[in-house]
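I opened the notebook again today to look a few things up in one chain. Here is the structure I had on screen.

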Amino acid sequence: MKNPIFLCCLASTLAFAPSAAGKPNVLFIAIDDLRPELGCYGGKEVKSPNIDKLAGQGMVFKRAYCQVPVCGASRASLMTGILPTPTRFINADTKASKDAPGAATLPETFKNAGYTTLSNGKVFHHKEDTQERSWSEPAWQPKLAGMASHDPETTRRLSKTKQRGRIYEAPDVADDAYSDGHLARRTIEDLRRLNEGGKPFFLACGFVKPHMPFYAPKKYWDLYKRDKIKIADNRYRPKNAPEQLKGSGEFRTYHLGDFDEKSKDFDRMMRHGYMACVSYTDKLVGDVLAELDRLELSDNTIVVIWGDHGWHLGEHTFWGKHNTTHLATRVPLIVRAPGKKAGSSASLVETSDLFPTLCSLAGIEVPKTVQGRSFANLLDRPGQPFREAAYSRFVTGDAVITQRFNYTRYLGGTAEMLYDLEKDPDENENIAGKPEYKETVIQMAAFLKQRQDEAKQFRNAEGAK
Ligand SMILES: [Ca+2]
């Protein structure tokens, strides 16, 4: 005999479950530390055919900015749609649940709207991925660590600071030798399972490459000829940059092998490693998208590819993220949504805008805690203006980016930076102190004040700031 109590509970669950029938699925692909170094963003050397193909079918956002150029904080902001402040979403270890308690997360919002929500790999960031309220099942992580190595030479010498192995390796191994290969396989299996389930899904898949260390199967390194790789032509600090502007020291937590970090050979090796990892990830993204096609899910699935921040590849002698220059804050963002246009948009958008945009595309109410704004209209009219000034901040530096300028003010007004992206797209000269830009600085500072004030308006579910 069937259990009447169970039936009763089931009936009440069904009665209260919102109907999600007919809603689009979401395939949400995060790629760690991926700057817009892709063919579809004009990258000339990098080989990214699979992401480029998706870009050709969707909308490529050419001027998308992260809220914070560091993993944990950037993701906490994106996943809650909440802006950062000097005391909220600061560093790599940021937890959304701690910094913005009570704020609904993006997957939680879809889950509450009747979606099956799954998390594979690096989505929020490490331990924060395990939070239960966001996901229908426990978040999945590859068993292999992101730094697992296949070349004994990699760990023969360890870095002084963190006892980490060499920053690169190129063994002749299969795609699934590394954790991202496992991640792609798991995501493909989930697509098959979700296809059988009959419910709309929000499937998050977070790749850890091209984040350092640059470990990828040899065939992806072989796509590039080391001696032909172009290195940055601005291997110097921007003229008149304040001392507050610093590059990231993260690369030095790995062993640099026999390379001298000041040499051009080092630059070529680092760029080679980064591009090999981009091509490796691109291949795995292609595998996942091919399965979406094979299952005939593409027509009813929104696909998003996003990066959590930019990255320097030797420009200004910087390697990595961790500042508010254009190369560290600008991110790749591609949205392919059913029935929407393909093309590109130069309108300014931010990663906190993604949450309400996806809600809007799926017809789901945006939680009151969200501060981002939906840019769904840009998927029909990509030429429309959207934001006047994008906002990004890192530790002591607050930045606003307009169509033409990138402006940073360090806490307490201790220093300023202004770059004219039209005349000086590589940001080789800080012009904040030049008399002819005095009015621009005043205007940019006013934009910044507006965005800072907006960020402070966040209140948690209990109404406390
Ligand atoms: Ca990252």
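My entries follow, from the whole chain down to single elements.

**Entry 1: the whole chain**

I began by noting that this is a predicted model. For the secondary structure I counted eleven helices and 16 strands. The radius of gyration came out at 22 Å, close to the 23 Å that the globule rule gives for 465 residues, so I noted the chain as being as compact as a globular protein of that length. Along the principal axes, the C-alpha atoms fill a box of roughly 80 × 55 × 40 Å. I also looked up burial, and buried residues make up 51% of the 465 residues. Of the contacts with a separation of 6 or more, 72% come from residues 24 or more positions apart.

**Entry 2: strand β10**

Next I went to β10, residues 330-336, where seven of the seven residues are buried, so I wrote the strand down as largely enclosed by the rest of the structure. I checked which way the residues point. Arg330, Pro332, Ile334 and Arg336 go one way, while Val331, Leu333 and Val335 go the other, and all are buried.

Which strands did I find joined to β10 by bridges? Strand β2 (residues 59-65) is joined to β10 by five bridges and runs antiparallel to it. In that pairing I picked out Ala64, whose bridge partner in β10 is Val331. Strand β7 (residues 301-307) is also antiparallel to β10, with four bridges. Here I noted Trp306, which has Leu333 of β10 as its bridge partner.

**Entry 3: helix α3**

I then turned to α3, residues 71-80, and found this helix mostly covered, with ten of its ten residues buried. The buried residues include Arg75 as well as Leu78 and Met79. What do the buried residues of α3 pack against? I listed α4 (96-99), α5 (106-112) and α10 (354-362).

**Entry 4: α2 against α8**

I looked at how helix α2 (residues 49-57) meets helix α8 (residues 264-294): their axes come within 7 Å and cross at roughly 50 degrees. That angle makes α2 oblique to α8. On the α2 side I saw Pro49, Asn50, Ile51 and Leu54 making the contact, and on the α8 side Asp282, Lys283, Val285, Gly286 and Leu289. By class, I logged five nonpolar, two polar and two charged residues.

**Entry 5: Asp190**

Is Asp190 buried or exposed? It counts as buried, because 21 C-beta neighbours lie inside 10 Å, and the cut-off is 20 or more. Leaving out residues up to four places away in sequence, Asp190 touches Leu118, Asn120 and Leu203. Leu118 is 72 residues from Asp190 along the chain, and their C-alpha atoms are separated by 8.5 Å.

**Entry 6: a four-stranded sheet**

My last stop was an open sheet of four strands, in the order β13-β14-β15-β16, with antiparallel pairing. The edge strands are β13 (390-394) and β16 (416-420), each pairing on one side only. From one strand to the next, I noted an average twist of 15 degrees. Strand β14 (residues 397-401) pairs with β13 over five antiparallel bridges. One bridge I wrote down there links Arg393 to its partner in β14, Asp398.

Conventions. Residues numbered from 1 in each chain as written. Predicted model: local features only at pLDDT ≥ 70, side-chain atom pairs only at ≥ 80, totals over all residues. Axes fitted to C-alpha atoms, helices over the stretch in contact; angles between N-to-C directions. Helix = DSSP H or I, 4+ residues; strand = E, 2+ residues; numbered from the N terminus. Parallel < 35°, antiparallel > 145°, perpendicular 65-115°, else oblique. Contact = placed C-beta atoms within 7 Å. Nonpolar A, V, L, I, M, F, W, Y, C, P; charged D, E, K, R; others polar. Buried ≥ 20, exposed ≤ 12 C-beta atoms within 10 Å, placed from the backbone. Pairing = 2+ DSSP bridges. Rg over C-alpha atoms; globule rule 2.2 N^0.38 Å.
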